[in-house]
Amino acid sequence: MGHDVETLKGRLPLLEYLRRQNWTSRRVGRFEYVGLCPLHQESRPSFYVNTRKDVFYCHGCGQGGDLIRFVQLSRQASFRQSLAYLDPEAHREATGIALLQQAAAFYQQQLDHYPEALEYLRQRGLHDPSLIRESRIGYAPGGVLRHHLTTQGHSFSVLREAGLINAQGTDALYQRIVFPLYQDEQIVNLYGRSIVTAFAHRFLPGGKGGLYAWEKVRCCSEVILVEGLFDYAALRQAGFSNVTCSLGTHLNADQFGQLSDGPRVVYIAFDDDANQSGRQAAEQLAHRLAAHGISTRRVLLPEGQDPNSFFVGGGDARQFQSLLEAAEP
Ligand SMILES: [Zn+2]
């Protein structure tokens, strides 16, 4: 029994369970999150989750414990009932993660076999094989994943639930460059960039997780924030190691919590698009971060450019460095 409990908790961390119950939180330390208590009514957050110890504590109602304790309290269930309730949840969680890993590995193997995918990467200025490998970038040609995963023993319904195939039974990602998205070293989603024009960006169901490759930059005193993964790749290739990506201009609560979890300067390098949306989003984000004591600089790219097109168009690291130095608070 004790062993089973540990296995279950290992498969389903408390924070992950709470997020699935739509608990929203703010990161306040390396292993600590805070949000409104799901166990009692309150207007100011006093419910803390420690991800290293995998426990919670509420300073409002004084309740605390592990995942099973939380389920006992929130569902008014016995210990045994809570375990019985959690077991399929934990199983589904483990299956989902394993599936994403297998899908990502399969897509990674495909990349070299499709000249159109390599050509697309080349056009976007991504040529460093070690960066491509390190980022586990792959290619979803479409029409092959379902067969691959079902021969590995996964059922249609499991694939469907993970969003890897759609209701018609075809692969959800089709002719897309694939970036696996990691959080705490676990794949949480796949991002697919179409190499043909329609519907450029696509994620599987579920959240986009935290900031891309955040663990590499969280200790940097200066961080460059971009909105797209090709911007990220272009900067990394140009030698900027302190880059992260929000996958869009809207930061979710986790991403905002990461950026504001300690003193740092954030260089916001969103796209300079014709409709000004990138610029407006950068301004709003700068205001919100300032309210949390984080300094920001807005990197002004040449008109109509993003960091990716800046480098593809011939810009170099020295020129981008000048943009960083000229960036305004
Ligand atoms: Zn409470």
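Predicted model: local features only at pLDDT ≥ 70, side-chain atom pairs only at ≥ 80, totals over all residues.
## The parallel sheet

Another open sheet has 4 strands, in the order β11-β10-β12-β13. Here the pairing is parallel. The edge strands are β11 (243-245) and β13 (295-298). Each has a single partner strand, so one side of each lacks a neighbour in the sheet. On average, neighbouring strands are turned by 30 degrees against each other, direction ignored.

Strand β10 (residues 222-226) runs parallel to β11, and 3 bridges join them. Within this pair, isoleucine 224 has valine 243 of β11 as its bridge partner. Helix α10 (residues 229-237) packs on the sheet and touches both β10 and β11. The direction of helix α10 makes about 170 degrees with that of β11.

## Valine 217

Valine 217 sits in helix α9 (residues 214-217). Is valine 217 buried or exposed? Its relative accessible area is 0%. The cut-off for buried is under 20%, so valine 217 counts as buried.

Which residues does valine 217 contact, leaving aside neighbours within four places in sequence? They are Val223, Ser241, Asn242, Val243 and Thr244. Take asparagine 242 as an example. Valine 217 and asparagine 242 are 25 residues apart in sequence. In space, their C-alpha atoms are 5.4 Å apart. Another contact, Val243, is the valine that bridges to isoleucine 224.

## The cavity

How many cavities of 30 Å³ or more does the model hold? The count is 1. The largest cavity has about 90 Å³ of space.

Its lining is made of Ile268, Phe270, Asp271, Asp272, Gly278, Arg279, Ala282, Arg298, Val299 and Leu300. By class, the lining has 5 nonpolar, 1 polar and 4 charged residues. Helix α12 (residues 277-291) gives the largest share of the lining, with 3 residues.

Methods
Residues numbered from 1 in each chain as written. Heavy atoms only, no water. Helix = DSSP H or I, 4+ residues; strand = E, 2+ residues; numbered from the N terminus. Buried < 20%, exposed > 50% of the residue type's maximum accessible area, 1.4 Å probe, protein only. Contact = heavy atoms within 4.5 Å. 1 Å grid on protein atoms, 1.4 Å probe; cavity = no way out; pocket = protein on both sides within 12 Å on 5 of 7 lines; lining within 4 Å. Points joined across faces, edges and corners; volume = space filled by probe spheres on them. Nonpolar A, V, L, I, M, F, W, Y, C, P; charged D, E, K, R; others polar. Pairing = 2+ DSSP bridges. Axes fitted to C-alpha atoms, helices over the stretch in contact; angles between N-to-C directions.
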